[in-house]
Amino acid sequence: MTIPRFYHPALPPHAKQVDLPPEAAHHAAKVLRLQAGDAVVLFDGTGGEYPAIISQIGRQVRAVFGAWRERECESPLDITLVQAMSSGDKMDFTLQKAVELGISAIQPVASERSVVRLSGERAEKRVRHWQQVVISACEQCGRNRVPEV
């Protein structure tokens, strides 16, 4: 079994212990059923990662992490995907697979034949959702840099 990976957007540089973000904490405790003492990997999306050990499971999931280790697994190509917005889970699937293939940025666009039309607050909500899909794909495939949507 591979070691679970979790994205933490703001890993404190001098701390040795951190609480996982709510989504990652739920996934660790309820989905993966991790216990205190289990090994995990934390990354902040800027490259590199921290090996860590779960120290507390409960309302908060806390991890004690070790020294930062440089592990670069990005493609040398800087590729931006310009993707016409699609409906339903198709867009989520496209984003997930694009991240797994090594895309460095994703730009959703409304095309002439797009069924989906987003504006204002609804568009911002979808972009946040898509960014979370990208983060989840990075956790799954082992990337240390999170592409921007």
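Modeller: Two strands pair if DSSP finds at least two bridges between them, where strands (E, at least two residues) and helices (H or I, at least four) are DSSP runs numbered from the N terminus. This is a predicted model, in which local features need pLDDT of at least 70, side-chain atom pairs count only at pLDDT 80 or more, and totals for chains, interfaces and linings use all residues. Residues are numbered from 1 along each chain as its sequence is written, and side-chain values use heavy atoms, with hydrogens and water left out.

Biologist: In which sense do β2 and β5 pair?

Modeller: The two strands are joined over 3 bridges, and Gln 17 stands opposite Val 64 in β5. The sense of the pairing between β2 and β5 is antiparallel.

Biologist: What is the order of the strands in the open sheet of 5 strands?

Modeller: The pairing in this open sheet is mixed, and the edge strands, each of which pairs on one side only, are β1 (5-7) and β2 (17-19). Neighbouring strands are turned by 40° against each other on average, direction ignored, with axes fitted as lines to C-alpha atoms (for helices over the stretch in contact) and angles taken from 0 to 180 degrees between N-to-C directions. The order is β1-β3-β4-β5-β2.

Biologist: At about what angle to β1 does helix α3 run?

Modeller: Helix α3 spans residues 120-141 and lies across both β1 and β3 (39-43). Its direction relative to β1 is about 150°.

Biologist: What kind of aromatic pair do Tyr 50 and Phe 65 form?

Modeller: A search of the whole structure finds 2 aromatic pairs (ring centres of Phe, Tyr or the six-membered ring of Trp within 6.5 Å; planes under 30 degrees apart are stacked, over 60 edge-to-face, the rest tilted). Tyr 50 lies in strand β4 (residues 50-56) and Phe 65 in strand β5 (residues 62-65), so this pair ties together parts that are 15 residues apart in sequence. Because the ring centres are 5.0 Å apart and the planes stand at 65°, the pair is edge-to-face.

Biologist: Is Phe 65 buried or exposed?

Modeller: Buried means under 20% relative accessible area, exposed over 50%, and partly exposed in between (1.4 Å probe, protein chains only). Tyr 50, at 13%, is buried. Because the relative accessible area of Phe 65 is 4%, Phe 65 is buried.

Biologist: Which handedness has the crossover from β6 to β7?

Modeller: Strand β6 (residues 80-84) and strand β7 (residues 105-109) pair in the parallel sense over 5 bridges. The chain passes between them through helix α2 (residues 89-101), and a path from the first strand over the helix to the second that runs clockwise, with the strands pointing away from the viewer, counts as right-handed. This β-α-β crossover is right-handed.

Biologist: Which residue in β7 is the bridge partner of Gln 83?

Modeller: Gln 83 is found in strand β6 and is buried, with a relative accessible area of 17%. Leaving aside neighbours within four places in sequence, Gln 83 is in contact (heavy atoms within 4.5 Å) with residues including Met 91, Thr 94 and Gln 107. Its bridge partner in β7 is Pro 108.
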